[in-house]
Structure formats: structure tokens, C-alpha cells
Amino acid sequence: MNQLVAGLLEIGAVAHDDATLKTALADLAERFEFTGYDYAKLLPGDFYVISNLSPDWLKLSRKLDLERRHPIMKRAQQSRRAFIWSGAQENGTMPEEDQTFYETASQFGIRSGVTIPIAISNGGISVLSFVSPRTVLSAWDEIDPIAASSAVGQLHARIEQLKVTPSIQEPFYLSPKEATYTRWLSLGKTVEDTAEIEHVKYNTVRIALAEARRRYDLCNNTQLVALAIRRGLI
């Protein structure tokens, strides 16, 4: 496990572009005989995955996560520390829906793995997993949670800095009215100002912005504006 963490630290230090980082993660996974890697950033209104796993699995995995039926992500969000997991080890003690998850994952060559979650800003988490076709990762030592979190923290910072292209990303859209109102907010106007400029009622603007925030689980209009700018919609 120490060698895997050392490899992660090296990637965080030397990866200088999108392709280099993804190739380095894939090489590290292969070096330790994993099927591949999966890095996910989970933040309200800002979700993406960087992975070399099957696109079909990534889409299914995200669907299960949104439905709160992804046992690995649930454990990552609850524990916030590195752990080793295996469907075989938990068989007989897990809920039926978790058993279904592992049975489905095995069809994509995913039967066990190492997962390292870290806390990030605004209550979100980033989660790095290396997944394996082996039934049990019996040869692995206990994970040092501090070293593992430090390595993934550096990787997270490098991914954010390089603006790495996601393998999948949460769809984001605004209706024409929502986009117009959000653009006025980005220019420093208040909701009251926006209603006056657009010649509509205050509640018309307020409700439209509230719907957009609700759709992406955003806390306030500042988050909405930031997300719209980041996605290039205003």
C-alpha cells in the first residue's frame, strides 16, 4: 500500500497536462494489477468522473450513486477515510441491494478495490478508487489513512489546476429565462433589480432561480452564478 501511495504522490507532483495525468493513473493501476482507476468529485452542482473504466459502468455507477444505492460511495461519504472493500468478504451480511451492486459490478471485472475519499470545500468529497477483478485483496496491508488522504489531496489539487477533461460530467442546463436572470446576477444585479430590468414580477425571478438551484442542489444564487460561468452558459 505504501508503494501505491508513493506512486500517487509522484503523479500529483509531476503530471503537467491532461494526458500525462490520465496515463500515469492508468499505469499505476496496471502496475498493481488493478482493472483501472476511478476518480470522482462530488460537490452540489459540480460532479465529474475521471476514469479508464467502461463508460457503461461509469454511467450505471453514477445512476446508483444518485439513487443512494452505491455502497462504495455511501461508505466513502460516511467514513471519509481510506478502506479496502470486497463483495465476497461482505457476502451474507449486506443488504440485498448491495449484493445486486456487487453482482452487477462483477460483470465489468470489478469485485474488490481500494477507495480513498477526502473532504473538499463546501461540504463535498473527492473519491479515488482502484478496482480489481480479484475476489479479495488479501495481500494488501492496512491502509495508512493519513498518507493516503495526503496523496489524494495533492492529486485533487493537480486535477483542479490542470482542468482535466472528465470522462463523464453531470449535465447542466438553464432555461432561457433562468439563464437571463442568472446573467444579471453575475453582473451584480439583485433579484429586485433583475425583475425591474426584465419587466416581470419579483416572484417570477425568485421562483425561476429557486427552481434552478433546486435542480442542482445548490445552496444560494452565488453557487448558481459560479456554476453557470464555469459551464459557459452565461
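**Spaces and contacts**

Guide: The largest cavity holds about 220 Å³ of space. Keep in mind that this is a predicted model.

Visitor: How is empty space found in general?

Guide: Rolling a probe the size of a water molecule over the atoms shows where empty space is left. In this case, the count comes to one cavity of 30 Å³ or more.

Visitor: Which residues lie nearest the centre of the largest cavity?

Guide: Asp38, Trp57, Ser61, His70 and Met73 lie nearest the centre, out of 22 lining residues. Two or more residues of the lining come from each of E1, E2, H3, H4 and strand E5 (125–132). The element that gives the most is H3, with five residues.

Visitor: How does the lining of the largest cavity divide into nonpolar, polar and charged residues?

Guide: That lining has 15 nonpolar, four polar and three charged residues.

Visitor: Which residues line the second largest pocket?

Guide: The second largest pocket, with a volume of about 310 Å³, is lined by Lys41, Asp46, Tyr48, Ile159, Glu160, Lys163, Val164, Pro166, Gln169, Arg230 and Arg231. E2 and helix H7 (145–162) each supply at least two of the lining residues. Four residues of this lining are nonpolar, one is polar and six are charged.

Visitor: Next, single residues. Is Ser86 buried or exposed?

Guide: The test is relative accessibility, and buried means under 20%. Ser86 counts as buried because its relative accessibility is 1%. Ser86 belongs to strand E3 (residues 83–86).

Visitor: Which residues is Ser86 in contact with, leaving aside its neighbours within four places in sequence?

Guide: Ser86 is in contact with Tyr102, Arg111, Ser112, Thr135 and Val136, with those neighbours left aside. For Thr135 there is a further detail: the side chain of Ser86 reaches the backbone oxygen of Thr135 at 2.5 Å.

Visitor: And Trp184: buried or exposed?

Guide: Trp184 has 18% relative accessibility and therefore counts as buried. This residue is found in helix H8 (residues 176–186). Not counting residues up to four places away in sequence, Trp184 touches Lys189, Thr194, Ile197 and Glu198.

Visitor: Last, a pair of helices. At roughly what angle do the axes of H4 and H6 cross?

Guide: The axes of helix H4 (residues 71–79) and helix H6 (residues 96–106) cross at roughly 115° and come within 9 Å. On the H4 side the contact is made by Pro71, Ile72 and Lys74, and on the H6 side by Glu97, Asp98, Phe101 and Tyr102. By class, the residues of this contact are four nonpolar, no polar and three charged. Tyr102 of H6 is also one of the residues in contact with Ser86.

Notes. Residues numbered from 1 in each chain as written. Predicted model: local features only at pLDDT ≥ 70, side-chain atom pairs only at ≥ 80, totals over all residues. Heavy atoms only, no water. Helix = DSSP H or I, 4+ residues; strand = E, 2+ residues; numbered from the N terminus. Buried < 20%, exposed > 50% of the residue type's maximum accessible area, 1.4 Å probe, protein only. Polar contact = N/O pair within 3.5 Å; in protein donor to acceptor, adjacent residues only side chain to side chain. Contact = heavy atoms within 4.5 Å. 1 Å grid on protein atoms, 1.4 Å probe; cavity = no way out; pocket = protein on both sides within 12 Å on 5 of 7 lines; lining within 4 Å. Points joined across faces, edges and corners; volume = space filled by probe spheres on them. Nonpolar A, V, L, I, M, F, W, Y, C, P; charged D, E, K, R; others polar. Axes fitted to C-alpha atoms, helices over the stretch in contact; angles between N-to-C directions.
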